[in-house]
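Here is a short briefing for a first look. Please keep the sequence and the 3D view open while reading.

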Amino acid sequence: MDVRTCRRCGRLFNYMFGTNLCAACKNTLEKDYERTRDYIRDNPGASIKEVSDECEVTINQIEQWLRDGRLEFSKASGVNITCENCGKPVKKGRYCEECTNSMLNTLNSMMDKTKKGKEETSAPKDKSKSSSNKMRFLRK
Ligand SMILES: [Zn+2]
Ligand SMILES: [Zn+2]
């Protein structure tokens with residue numbers, strides 16, 4: 001059994017999966033989230049500070065929910081979080097659309113390269129050449 005310390009209240013609890021929170025804190029957090037979500041829905045113009053004060057949740061926690069995409073502020077609130085890569089304001093998530101796209105592209109081209117490298121080494125015509133290729137690949 002995996003026993004951990006709750007990130008929020010410091011009590012020991014049996015870790016199952018997901019967050020490092022005990023069941024009680026998970027419940028509280030879920031209630032906090034629902035309260036915050038409802039408050040934002042009813043007060044679309046509220047600033048992050050107001051929401052934090054009214055719902056008794058920390059600004060950090062609200063930003064965490066925004067990053068998780070669980071909360072979304074309306075334009076009227078002027079609340080923005082920024083892209084972790086380029087600093088542009090984003091409405092939710094960790095990265096702006098451009099950065100998400102360019103990261104996906106990088107990932108795709110990286111996968112292409114790995115695929116090509118594998119094809120080269122798995123179909124060797126000349127044994128000595130293929131092993132030197134492999135060496136180079138490893139050293140990289
Ligand atoms: Zn706890
Ligand atoms: Zn960005």
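D32 and R35 form a salt bridge, with their closest N and O atoms 2.8 Å apart. A salt bridge here is a side-chain nitrogen of Lys or Arg within 4 Å of a carboxyl oxygen of Asp or Glu. The model is predicted: local features need pLDDT of at least 70, side-chain atom pairs count only at pLDDT 80 or more, and totals for chains, interfaces and linings use all residues. Residues are numbered from 1 along each chain as its sequence is written, chains are lettered from A and ligands numbered from 1 in the order in which they are written, and side-chain values use heavy atoms, leaving out hydrogens and water.

**Salt bridges**

- The structure holds eleven salt bridges.
- D32 and R35 both sit in helix α1, three residues apart, about one turn of the helix. Helices (H or I, at least four residues) and strands (E, at least two) are DSSP runs, numbered from the N terminus.
- D32 also meets R8 in a salt bridge, at 3.6 Å from N to O. This pair links distant parts of the chain: D32 is in helix α1, R8 is in the loop between β1 and β2, and 24 residues separate them.
- D32 counts as buried because its relative accessibility is 8%. Buried means under 20% relative accessible area, exposed over 50%, and partly exposed in between (1.4 Å probe, protein chains only).
- R4 forms a salt bridge with D2, and their closest N and O atoms are 3.2 Å apart. R4 is partly exposed at 29% relative accessibility, and D2 is partly exposed at 34%.
- R37, D38, R41 and D42 are linked in a network of salt bridges.

**Zinc ion (ligand 1)**

- C6, C9, C22 and C25 coordinate the zinc ion (ligand 1) through their SG atoms, at 2.3 Å. Donors are N, O and S atoms within 2.8 Å of the metal (3.2 Å for Na, K and Ca); water is not among the atoms, so sites may look incomplete.
- The donor residues of this ion are spaced C-x2-C-x12-C-x2-C in sequence. C9 lies in the loop between β1 (3-5) and β2 (12-14), while C22 lies in the loop between β2 and α1 (23-42), 13 residues apart.
- Four donors count as tetrahedral if all angles lie between 85 and 135 degrees.
- C9 is partly exposed at 36% relative accessibility, whereas C22 is buried at 5%.

**Zinc ion (ligand 2)**

- The protein donors of the zinc ion (ligand 2) are the SG atoms of C83, C86, C96 and C99, lying 2.2 to 2.3 Å from it.
- Along the chain, these donors follow the spacing C-x2-C-x9-C-x2-C.
- Angles of 102 to 118° between the four donor atoms make this arrangement tetrahedral.
- C83 is buried, with a relative accessible area of 3%. C86 is partly exposed, at 45%.

**A buried serine**

- S77 lies in the loop between α3 (59-68) and β3 (81-82).
- S77 counts as buried, with 12% relative accessibility.
- The side chain of S77 reaches the backbone oxygen of S74 at 2.8 Å.

Definitions and conventions. Four donors count as tetrahedral if all angles lie between 85 and 135 degrees; four count as square planar and six as octahedral if opposite donors are over 155 degrees apart and all others between 65 and 115; anything else is irregular. A polar contact is a pair of N or O atoms within 3.5 Å; within protein, one must be able to donate a hydrogen and the other to accept it, and residues adjacent in sequence count only if both atoms are side-chain atoms.
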